[in-house]
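These are my notebook entries on a structure I looked through one topic at a time.

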Amino acid sequence: MDDPYHNNVNQQVTQGGEYTYTQDGSGQEGYPYQADYPPQEEDAASDDTEGADDGEQMYEGEYQGVPHPDEIKEARRAARVEARRKARLAAQQEDEEDNLAEQYETIMEDCGHGRFQWMLFFVLGLALMADGVDGFVVGFVLPSAEKDMCISNADKGLLGLLVYVAMMVGALVWGGLSDKMGRRKCLIYVLTIDLVFSFLSCFAQSYGFFLFFRFCSGFGIGGSIPIVYTYFTEFLQMDKRGEHLSWLCMFWMLGGLYASFTAWGIIPHYGWGFAIGTEIQMHSWRLFILVCLLPVLAALVGVVFMPESPRFLLENARHDEAWMILRRVHDTNWKAKGEPERVFTATNIKTPQTQDDEFIEIQSDTGTAFQRWTVRHMTMLQQVMANIMSLSAPEFRLQGLFLVIVWFCLAFSYHGLGVWFPDMIKYMQYEEYESKVRVFHRERVERFHFNFSLVNQIHREGEYIHDKFANIEIKSVKFEDSLFENCYFEDVRSTNTFFENCTFKSTVFYNTDLWQEKFKDCRMENTTFLHPKKGCHLNFKEENDIVIYMVSFLGSFAVLPGNILSALFMDKIGRIRIIGGSMLASAACTFLLLLSFSQGAVICWQCLFYGTSIAAWNGLEVISVELYPAARRGTAFGILNGISKFAALIASFIFAAFIGVTKIVPIFLAFAALVCGGLVALKLPETREKILS
């Protein structure tokens, strides 16, 4: 074989079998090559050269493993061909996806909007309501749970923290899985996890188990919001999306109303509890958790009878299943409208080419059951991670950054002030209570029968001789440097009551909850404790202030006008104006908080802020499902919702730290976040006339 390389090389043979190669015209010796054996006979030639033409020269690189130049050229040519083939496939897939989006929108218009969408609306609304209920459960049961399970001050904030972390992780995980496993299947898993572990938390007697069960419950319900909005969006035509997704948001408000009303009606009633044996005590706050399971149970039953999203099935090349579901939607709607004779005309729906699911099925048909399970789920995990990484592509990068900023700013201000409002009311109550404290100094009481309650008092350097304290309640009372001699305490209930540096001589405590933690640096001389009520004890009048339930109820109810207005105008003025206008108007409302000098004023400004900001939430949730393609919609929404939970965590710590210190810092932080998010929201693309990609 003629080769340019060999044509430019002279081959010389010297004695002893030495070969030298020199280039023509250069006179320089190149690539000297020696052998220690004599020249071979022609018959003894290597098998590698046998069969070669006499006129052809062997490429010397073959002896050193160096590729032939022709082989390199051929490899490069093949790589270019493969690159062009992949580019053509990518362009073809993009065209198919565009065609699928347009065709799917046409099919949904042909199916119409009717009975099927309304049935799905109420089922998914119950799932959203369950998420709203879970957001309030922890705050309502925490005061009672702290006392019932003797939670220390160091562990009090752990429950709320872990629940929010679990919901954040759940949003990330289940949002990504819904793009690979299916919307309906993941929603069933989510609701089942929440139902099971919330039920178990009702019976947890130790704080550790209660934390674990609530964490698992939060992990489940945290994935509901990304799945619900993605699921419902894919059954709506373009001109119905904004309005009906906004109506769906009202169920979160209903969850808050349901939780507030049932908490007020159940938790303060101690007699509603019961015991299971001697170990399990079901106080009323545990019954409240049980009642809060009704929305998630109803949602789970409803979702079981709903079909999978046909758009998800088409994205995964499951054409026949999608066609059957679309036909079901079509027939259900037109039969309810009195036109059962209308025929579903879609016959050939184009689906994008996908090899991921084929790979999973091929790999899943080999090996043991455990190996098949491992391959299937590891491959799915890789696909989810690839989906997450694909969101950083140039076409998603800028809009994704804007969405992250808006979600973070809105969640930071909304949840931060959501913590600040009730805590500020509690602080005002505390200040008012402290201003009415009565102080007794160096009083001497002898042979007196205390048969009335002692409330909000401080006794310093007092002397109590032959006194009797029987069948009374001592609430927020402190005894300092006092003497109790020959006294008798019987059936005494105490709340926030302490004895500091006191002396007890020949005193009897019978059937009281006054125990070690109530006495600080006290001296006991000939003192007896009979039938003490050790541990922690609930005082439902103390731990369940009706004002807190009322504040939560009014705050949830205040979003109703904002929900209605956003639903009516979402498709008329657009998502961007709704989000930007709502956030900027909410920023203006924060300045009114500087005028919060009473509990009534705080409640009033809270309702105004919630009613104004809810429109931004609705618009943001609508645009988040419309900006991303179906194959990444759940993943993107899950990430954004997880970011909002992260912002809520940060805000709860920051805003709570300034309670009783200053109002200016929390108000300024909320104002700055809302203004920043509102201005960035105006940079987002409008999607009200966008076909779902």
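**Entry 1, salt bridges.** I counted salt bridges and found that the structure holds 18 of them, taking as a salt bridge a side-chain nitrogen of Lys or Arg within 4 Å of a carboxyl oxygen of Asp or Glu. I note at the outset that this is a predicted model, in which local features need pLDDT of at least 70 and side-chain atom pairs count only at pLDDT 80 or more, while totals for chains, interfaces and linings use all residues. Residues are numbered from 1 along each chain as its sequence is written, and side-chain values use heavy atoms, with hydrogens and water left out.

I then looked up E234 and R633, whose side chains form a salt bridge at 2.8 Å, N to O. This pair links distant parts of the chain, since E234 is in the loop between α7 (224–233) and α8 and R633 is in helix α21 (residues 633–657), 399 residues apart. Helices here are DSSP runs of H or I with at least four residues, strands are runs of E with at least two, and both are numbered from the N terminus. E234 and R633 are both buried, and I find D179, R183, E234 and R633 linked in a network of salt bridges.

A further pair is R311 with E315, at 3.3 Å from N to O. These two are 4 residues apart in helix α11 (residues 310–315), and are therefore separated by about one helical turn. R311 counts as buried because its relative accessibility is 1%, and E315 counts as buried at 13%.

**Entry 2, an open sheet.** I traced an open sheet of 5 strands with parallel pairing, in the order β8-β11-β14-β18-β21; two strands pair if DSSP finds at least two bridges between them. β8 (449–450) and β21 (528–530) stand at the edges with a single partner strand each, so one side of each has no neighbour in the sheet. Within the sheet, β11 (residues 468–470) and β14 (residues 488–490) run parallel and are joined by 3 bridges, and K468 has Y488 in β14 as its bridge partner.

D521 is exposed, at a relative accessible area of 69%.

I searched the whole structure and found 0 disulfides, a disulfide being a pair of cysteine sulfur atoms within 2.5 Å. C604 is in no disulfide, the nearest cysteine sulfur being that of C607, 7.0 Å away, and C604 counts as partly exposed at 41% relative accessibility.

I checked the length of α19 (residues 575–590), whose 16 residues should span 22 Å at 1.5 Å a residue, and the end C-alpha atoms are 23 Å apart, which agrees. The expected span is 1.5 Å times one less than the number of residues. Among the buried residues of α19 are R575, I576, M583 and T590.

I found a nonpolar surface patch of about 510 Å² made by F261, W264, I546, F553 and F557. α8 (238–266) and α17 (546–557) each supply at least two of its residues, and α17 gives the largest share, 3 residues. W264, in helix α8, is partly exposed at 43%.

Finally, E102 lies in helix α2 (residues 69–111) and is partly exposed at 47% relative accessibility. The C-alpha atoms of E102 and I691 are separated by 6.9 Å, although the two residues are 589 residues apart along the chain.

How values were computed
Buried means under 20% relative accessible area, exposed over 50%, partly exposed in between (1.4 Å probe, protein chains only). Patches are made of residues with over 30% relative accessible area and no salt bridge: like charges are joined within 9 Å, nonpolar side chains (Val, Leu, Ile, Met, Phe, Trp, Tyr) within 5 Å. Accessible areas come from the Shrake-Rupley method with a 1.4 Å probe; for residues, only the protein chains shown count as cover.
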